[in-house]
Every structure is written in C-alpha cells, then in structure tokens.
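Please work through each task before reading its solution.

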Amino acid sequence: MTVSGNRLVPTIFERSRPGRGGAKVPHPGNAVLDRIPADQLRSEGPRLPEVSEPELVRHYVNLSQLNYAVDTGFYPLGSCTMKYNPKIDEWAARLDGFASLHPLAPDELAQGTLQLLWELEQALAEISGMKAVTLQPAAGAHGELTGILMVRAYHRSRGDLERTEVLVPDSAHGTNPATASMAGFKTVSIPSAPDGGVDVEAFRAALGPRTAAVMITNPSTLGLFEARLCELLDAVHEAGALAYMDGANLNAVMGRFKPGEAGFDAVHINVHKTFSTPHGGGGPGAGPVGVGERLMPFLPGPRVLREPDGRFRLEREGERPTSIGRMRAFAGSTGVLVRAYAYIRALGGSGLCEVSEEAVLAANYLKKKLTGILDVPFERACMHEFVASAASLKARTGIRTLDVAKRLIDYGYHPPTIYFPLTVEEAMLIEPTESESLETLDAFADAMARIVAEAADDPELLHAAPHDSPVRRLDETTAARQPNLRWQAMTGAQNPCPD
Ligand SMILES: *Cc1c(COP(=O)(O)O)cnc(C)c1O
C-alpha cells in the first residue's frame with residue numbers, strides 16, 4: 001500500500017490486472033521481428049504494471065503530492081537558495097531549438113546555442129568581475145575541482161612544485177576539502193574567529209611556500225560577509241598562493257560585490273542556486289567558473305569563440321595546449337544554462353541587484369523576528385541567510401533542533417537546513433530568499449514561536465513529531481545506509497490486491 005492524502009491506497013503494482021492498459025501498441029509485424037537476432041528477443045513480456053491511463057496518471061500525480069515543493073509552500077532551506085524558479089525559464093529551456101539540438105551538431109547548425117553560451121559567459125564574467133568564464137562544470141563541487149586543477153596547472157607552469165597545501169576555513173562546505181584532496185593537495189583546516197569570520201592571523205600563520213591556494217566562501221556558510229577579506233587576499237598573494245572563492249552564496253551580493261575586483265583568482269557560481277533551475281531533487285546543475293588573468297590559459301576546452309565575422313565556433317582539439325582539458329562531455333548542462341540565461345536577461349542588471357537586496361532584507365527581517373525565540377549567535381547583519389540555534393532551548397527543555405525541524409512539518413513548512421554549519425551547536429541555517437511575502441515570513445516566525453512554547457508545555461508532542469505527514473519520524477541513518485527504493489510484492493510476483 002502507499003499513501004494518498006491521508007488514506008492508504010494500493011500501489012500501482014497492486015492495481016495491475018492482466019490485459020489492462022492505457023495504450024495499444026501495434027504489433028511490429030514478422031518482417032521486423034525477423035530482423036532482430038533471436039538471442040535479443042524477450043521470451044516473455046516485461047513485468048510492468050498493467051493499468052489504465054487514468055490510473056497511471058493518478059499514480060504519478062499522487063507521488064508528486066507526497067513531495068514538499070517550493071511550488072506548494074515556504075522552503076527556507078539554507079545554503080541552497082532553493083528559490084522560486086520563474087516559469088518563463090522553464091519555457092525557454094524547452095524551446096525546440098535548444099532542447100532538440102543534437103550534441104554532435106556541427107557549429108554551423110548550432111549558432112543559436114553557441115551564441116547563448118557565449119553571451120552567458122560574458123554576463124557571468126560581468127557579474128563576478130572575472131576575465132573569462134567556463135560553463136563546463138556540472139555543479140558547484142565540480143567547479144571547485146575545475147578551479148583547483150587550474151591552480152595546480154598554474155603553479156606547475158611556473159616550475160613551482162613545492163605547493164602542496166590548500167587552506168580552508170572550518171566553516172566551509174565539505175566539498176572544499178574534498179576538492180583539495182581530489183586534486184592531490186593536503187587540506188589545512190583553519191579555525192574561524194569568534195565573530196564567525198575568517199581568522200586572518202591564523203591564515204597568515206599557515207600561509208607559506210607550501211600554500212597553493214586558499215578557498216574562501218563569501219558570504220560565508222554562516223551568512224556573514226567576510227569583513228577582513230582584502231587583508232586576507234593581500235596576504236595570500238604575498239605568499240605566492242592563489243585565492244579561490246566558493247561562490248555558492250552569490251545570491252546575496254549581485255551588483256554589490258565582484259569577486260574578481262576584490263582580487264580572487266577564481267570563483268565558481270552555482271547557477272542552480274543563484275540563476276533559476278529547480279535543483280531540490282539533486283537533479284542537473286551547472287557550476288561555471290570565472291578566472292582572472294593568471295588562470296585564463298588553463299581554462300578547460302573547448303571554449304566557445306566568436307570569430308571576427310560574428311560567427312561562433314568551439315575550439316578545436318589541441319588549439320590551446322595550456323588548457324587543463326575537458327571537464328565534461330559536450331558544452332555542459334546546456335538546459336540549466338539556458339534557464340540561467342533567461343533568468344539574467346529577464347531581470348537585467350538592476351533586477352539582479354534588486355534580487356540580492358530583497359534576499360538580504362528578508363533574511364535580516366526574519367532573523368530579527370526570531371531573535372529571542374531561538375538563539376541567534378551572530379549579532380551583526382546577515383546576508384541572504386542566517387544561523388539560529390536551539391542550544392539554549394535544549395538546555396531548558398531537552399528539545400533539539402531535530403525536534404523543532406520535524407514539528408515545522410506539522411505546521412506546513414519545509415524545515416531549514418539543520419546541523420550545518422558544523423561550527424554552531426544545534427544549528428539551523430535559514431534562508432527565506434527574495435521571493436517570499438512579508439505575510440509568509442511573519443507566519444513562519446509565528447510557527448517557530450508556537451513550537452518553542454510547545455517545547456516547554458508538551459515536549460512529548462515535539463519528540464514524536466511529525467504527526468500529520470505521510471510518514472512519521474524516519475530512521476535516517478538506516479535509510480541512508482540501506483536504501484530501500486524498490487517495491488517488491490510480499491507474496492510472489494504481481495499479487496493483485498482486492499480493491
Ligand atoms: C551547495 C554548495 C556547494 C556545492 O555545490 P553543488 O552545486 O551542490 O555541487 C559548495 N559550497 C557551498 C557553500 C554550497 O552551499
């Protein structure tokens with residue numbers, strides 16, 4: 001059985017009846033079948049559920065309704081900018097000329113897509129203040145790897161082979177140290193300063209002739225703008241190292257801060273966090289990387305080039321021998337890049353600035369409303385997200401961040417990101433985004449206040465939450481270690497369930 005609303009209903013397998021179907025597929029005829037080698041033919045039909053078309057539609061619509069989505073409610077997950085995705089970007093990505101283009105089409109037949117990719121590179125270079133951009137990487141983490149491989153190629157090209165370390169602050173996303181290791185470097189973790197920012201003195205002490213790069217997330221995963229960035233970047237360059245920026249939080253600073261102008265040598269942009277694309281299901285993303293002068297020769301190939309006559313083409317094999325090579329098949333996640341282009345063109349420069357201003361305003365408003373209800377460890381103004389904590393609630397009532405998050409589901413909200421960043425006890429990382437109304441933010445703050453009151457009055461209610469969801473509190477460790485993703489009949493195959 002499965003769930004529909006709050007009722008148990010048969011699964012699609014249990015609804016199956018032999019011979020029932022939604023479409024009649026014509027028999028291919030013996031002339032066709034004769035041409036298929038006998039050992040390639042099935043001896044029996046596939047064991048698929050046999051249901052009518054409405055039953056099939058209901059199956060998928062019902063499944064979709066078991067999901068919580070930004071199209072159904074507020075989604076304050078931090079570190080993800082799980083924003084509303086304008087529907088026009090979906091329309092653009094589905095246009096036949098983009099969606100149906102064959103990846104091996106010759107340049108002459110792909111001029112529109114090549115132009116879009118070229119213009120998107122220009123737009124991202126402008127937004128990030130970098131000299132050039134590659135659109136190849138498939139996600140932020142892949143962009144990090146691309147950037148750090150270029151850093152490695154840069155040092156090698158100068159015969160500087162002693163640089164084996166990458167410095168990463170302890171508040172960084174786990175992909176940063178993972179990237180450094182994958183590129184063959186040793187990660188040196190640098191503790192944060194008490195105000196949540198990077199500890200410039202600790203960085204200075206760790207910088208030296210062995211440092212290849214530092215990776216800085218700005219704004220940080222705590223939702224804070226790095227106040228001492230310029231000092232830090234000067235020290236990095238004095239030491240002969242390069243500075244990489246994790247740009248996952250670019251949503252907060254568009255039009256206000258350009259990593260290239262600040263002195264970063266490379267930055268990745270998670271376009272699926274900042275420029276549209278629904279990425280909640282872990283679906284396709286894109287992680288373009290912008291670079292400064294020093295890393296330009298090493299950009300992955302093939303790049304999109306514009307000829308003097310205005311036509312576009314891809315670089316030829318071996319045309320730029322300094323390139324680190326291909327990071328991904330074809331031109332990257334083109335569908336995601338079309339959405340990013342549509343988003344940027346629809347909003348324009350002033351629109352993007354407004355996005356950042358609204359996102360920062362919404363986060364500071366909600367932070368203020370939750371101050372006093374939860375702990376808010378960092379007092380200074382936040383960027384597009386902020387950290388709250390249930391540490392003192394736990395000390396008072398035994399109710400933890402996990403309980404609060406589960407209870408939020410009963411109130412109709414997706415929980416925020418919890419237990420990240422690791423540097424804050426009982427952390428909740430809350431990111432309201434620019435697309436939510438004042439009323440939604442107020443209602444969310446009210447729900448939090450009610451849950452905190454419940455923690456004192458009826459802690460059992462919270463320990464057992466959620467109460468109103470299709471499934472109750474799950475054993476997340478077992479779910480991750482032994483995922484059970486396939487329906488299997490309990491008694492033999494295709495055992496129909498009496499309706
Ligand atoms: C999301 C995120 C990443 C990883 O990006 P993906 O696109 O998920 O690979 C890296 N750093 C930070 C700070 C992030 O929020």
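The structure holds zero disulfides, a disulfide being a pair of cysteine sulfur atoms within 2.5 Å. This is a predicted model, in which local features need pLDDT of at least 70 and side-chain atom pairs count only at pLDDT 80 or more, while totals for chains, interfaces and linings use all residues. Residues are numbered from 1 along each chain as its sequence is written, and side-chain values use heavy atoms, with hydrogens and water left out.

**Exercise 1.** Determine the order of the strands in the open sheet.

*Solution.* The three strands follow the order E12-E14-E13 with antiparallel pairing. Strands here are DSSP runs (E, at least two residues), numbered from the N terminus, and two strands pair if DSSP finds at least two bridges between them. E12 (386-389) and E13 (417-418) each have a single partner strand, so one side of each lacks a neighbour in the sheet. E13 and E14 (residues 427-430) are joined over two bridges; threonine 417 stands opposite leucine 429 in E14.

**Exercise 2.** Identify which atom of the ligand lies 2.8 Å from a polar side-chain atom of serine 79.

*Solution.* The ligand atom is an oxygen. An oxygen atom of the ligand also lies 2.7 Å from a side-chain N or O atom of histidine 272.

Note on methods: Helix = DSSP H or I, 4+ residues; strand = E, 2+ residues; numbered from the N terminus. Polar contact = N/O pair within 3.5 Å; in protein donor to acceptor, adjacent residues only side chain to side chain.
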